[in-house]
Amino acid sequence: MNTALRDNAPVVAMRGVSKSYRLGAVLVSALHAADVAVSRGEMVALTGPSGSGKSTLLHIAGLIDTADSGNYLLAGTATTQLDEARRTQLRRNAIGFIFQSFNLVPVMTVAENVEYPLFLDGISSSEARERVAAMLARVGLADRAKHRPDELSGGQRQRVAIARALVKQPRLLIADEPTANLDSHTADEVIAVIRELCHEAGTACLIATHDARLTAHCDRVLALRDGVLQ
Amino acid sequence: MNALKWIGFALRNTLRNRRRSLATVTLTALGSAAILIGGGFALYTYESLQQAAARDTGHLIVATKDFFDREEDTPMQFGIEHFDKLRDTLLANREVRYVLPRLNFSGLISNGDKSVVMIGSGVDPQAEFSVRGPFLTLKSGQLLNEDSAKGPDVLIGAELAKSLKVEPGSALTLLGSTTAGALNAIDVKVRGIVSSGVPDIDKRLVLTSLATAQGLLVTDKVSSVGVYLADMELTAATRAKLAPQLGALATRTWEEEAFFYKAVRGLYDRIFGGLGLVIGLIVVGVVAGAMAMAIVERTREIGTLRAMGTSPGQLVRAFAIEGAALGASGGLLGALVAGGVSIALVFANLQMPPPPGRSVGYPLYVSFSPELALITLAAVSLLAMISAAVVARIAVKKPIVEALGHV
């Protein structure tokens, strides 16, 4: 697998990607012939009403779902024919996820949640500790390292989720409504953190959102309606 | 290091729903305790029966080969000659503590008015009763002693004494066949009344001195020789060591002659083996149920971890560790409970009713075997681990998108 990527090549390169779901006897087209390219360090917002196909596009981009047709190159790797083990490996190495409900692991401390992707990568404990400490400092949670997620506010939890997604400096960040459960002030902080860290690390970001403030910070906005990119 | 982290996460996960984990551990502990208490009771029974059998016959029985394999045409046809010499040979081995002669005979015993069938044994009047220990109870009178041949004296079974309406001091007549096939009779005095605990044996039992029995049968032979060792564990090794010293004589171990012990062991092994199997299935069901609930509750978390690149195998292993931790906790607790019960029974002095075919009960004890506890702990942990892994294996294959959408 060639994971090397030229600086000017898109991290995400989708061509004619389609996906349908069967609802009873009806075949519903969730995404139709989508062409998407997201470059290194670029923040792209996906907007559209509920059911427009944002989540489907994010799932396919994040390799947690497969397209029915079309081609998808992630960081130069053709993903369409990969088996589940290779897709798991690619997700582990190249993709970070931020979820609307934070999805932190409650039995792990803040530091352990952030360390988890490094642990999966087999990075040594000493190096992982250093990187976790640096990342927590960047998101302003250095003093919360030993806390459990249920001891944190919503904004703090989302910052932990951001730190967890970006600690391994992935090629691609997938964020699904990252500010939906936050108040406006906290949402601004979270947007700033995502933007800053992604630009610094050159991480391509694909963010599904209804939040106008978030789209305003993105480099590009892709609007979806009925599974079709406008 | 990674393995330790997985174990750490798994252990913390067991504490997420403490009430459910407590219920799982409690049920597993009860199952383990039931296995250990049932198994401990069986072990105690085996030990008691081993002792009874070995004290009755000796750890090793020495006799002619024909004595073991064939039926005699006349009394003492296959008897052992020169017992004194054989005793000296056997006692020269430091593992041997006692060498006791046995002369088996049968015939009639009469009070003058009534004659009944007896099954008798001529024994060493002093040493015999010290090795029999608690497995022969003196109901009245006295045991035989070095002067018993002079009386001559006999001990008779309690049921036989009842049948003949005799008590210590009463006179009786023994009638038997000599080695030449002639009838012989000797007058004896009842020195004591004993019970073996088995009414059918007590109905026929007569014990007398070897000299008296030899006088009745007109022989200087003995039927067999019981060899008592310092330690039951030495039986096989001593048998091998003695073989070249015995010439044409053969040996059997107590176990080969302990038909009742082998029958009980075969029965109990099946009963408690079946019980263990059922309890094992219950443990599997309990842990699988608990893990299934835990997995359903954590479906979204499984989806998150899978999205982040955790492999299904890693997740299955993590759940398997959780299952093993629950099983091991239950197994340990069960072992503690069984140990406590075992100790409590020593002080409780509870009596079991007489088993079928016996006239006396026995104290209820449960042996605590560290080996059985370790095997049970390992088995329960393994079963819990496998059941958790099987449940988890199904769950982690759920599509990630579906898992993330789980509410």
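User: Which residue stands opposite Met43(A) in S8(A)?

Analyst: Cys205(A) holds that place. The model is predicted. Strand S3 (residues 43-47) and strand S8 (residues 204-208) of chain A run parallel and share four bridges.

User: What makes S3(A) and S8(A) count as a pair?

Analyst: DSSP must find at least two bridges between two strands. S3(A) and S8(A) have four bridges. They pair, therefore, by that rule.

User: What is the strand order of the open sheet in chain A?

Analyst: The six strands follow the order S6-S7-S8-S3-S9-S10, and the pairing is mixed.

User: Why are S6(A) and S10(A) called edge strands?

Analyst: Strand S6 (95-98) and strand S10 (228-229) of chain A each have a single partner strand, so one side of each lacks a neighbour in the sheet.

User: Why is Gln169(A) called partly exposed?

Analyst: There are 14 other C-beta atoms within 10 Å of Gln169(A). Buried needs 20 or more, and exposed needs 12 or fewer. The count of 14 lies in between, so Gln169(A) is partly exposed.

User: Is His82(B) buried or exposed, and why?

Analyst: His82(B) has 12 C-beta neighbours inside 10 Å. The limit for exposed is 12 or fewer, so His82(B) counts as exposed. Phi is positive here too, near 55°, in a residue other than glycine. The location is the loop between helix H3 (65-69) and helix H4 (83-91) of chain B.

User: What span does H13(B) reach, and what is expected?

Analyst: H13(B) has 37 residues and reaches 53 Å from its first C-alpha to its last. That is close to the 54 Å expected at 1.5 Å a residue. Just after H13(B) comes Asn349(B), with a positive phi of about 55°.

User: Which residues have the most contacts inside the largest nonpolar core?

Analyst: They are Ile162(A), Leu206(A) and Ala392(B), in a core of 127 residues. Helix H13 (residues 312-348) of chain B gives the most to this core, 11 residues. Ile162(A) touches Ile98(A), Val139(A), Val190(A), Val193(A), Ile194(A) and Leu197(A), leaving aside residues up to four places away in sequence. A second, separate core has 45 residues, including Val62(B), Val99(B), Leu172(B) and Val188(B).

User: Why is S9(B) called largely enclosed?

Analyst: Six of the six residues of strand S9 (residues 224-229) of chain B are buried, so the rest of the structure largely encloses S9(B). Both faces are covered. Ser224(B), Gly226(B) and Tyr228(B) lie on one side, and Val225(B), Val227(B) and Leu229(B) on the other.

User: Which residues stand opposite Val225(B) and Leu229(B)?

Analyst: Val62(B) faces Val225(B). Val96(B) is the bridge partner of Leu229(B). Strand S1 (residues 60-64) of chain B pairs antiparallel with S9(B) over three bridges. S2(B) also pairs antiparallel with S9(B), over six bridges.

User: Which residues form the covered face of S6(B), and which the uncovered one?

Analyst: In strand S6 (residues 171-177) of chain B, Leu172(B), Leu174(B) and Gly176(B) form the covered face. Ala171(B), Thr173(B), Leu175(B) and Ser177(B) form the uncovered one.

User: How many bridges join S6(B) to S7(B)?

Analyst: Seven, and the two strands run antiparallel. Ala185(B) in S7(B) is the bridge partner of Leu175(B). Five residues lie between the strands of this hairpin, where Gly181(B) takes a positive phi near 95°. S6(B) also pairs antiparallel with strand S2 (residues 96-110) of chain B over four bridges. There, Ile109(B) stands opposite Leu174(B).

User: How many residues does each chain bring to the contact between A and B?

Analyst: Chain A gives 19 residues and chain B gives 17 residues. Helix H2 (84-94) and helix H3 (110-121) of chain A each supply at least two residues of the chain A side. By class, that side has 10 nonpolar, six polar and three charged residues.

User: What separates the domains of chain B?

Analyst: The domain assignment gives domain 1 (2-52 + 261-404) and domain 2 (104-222). Their centres, taken over C-alpha atoms, are 54 Å apart. Five residues of domain 1 are in contact with six residues of domain 2.

Definitions and conventions. Residues numbered from 1 in each chain as written. Chains lettered and ligands numbered in written order. Predicted model: local features only at pLDDT ≥ 70, side-chain atom pairs only at ≥ 80, totals over all residues. Core = buried A, V, L, I, M, F, W, Y, C linked by C-beta atoms within 7 Å. Contact = placed C-beta atoms within 7 Å. Nonpolar A, V, L, I, M, F, W, Y, C, P; charged D, E, K, R; others polar. Expected span 1.5 Å × (residues − 1). Domains from an automatic or database assignment.
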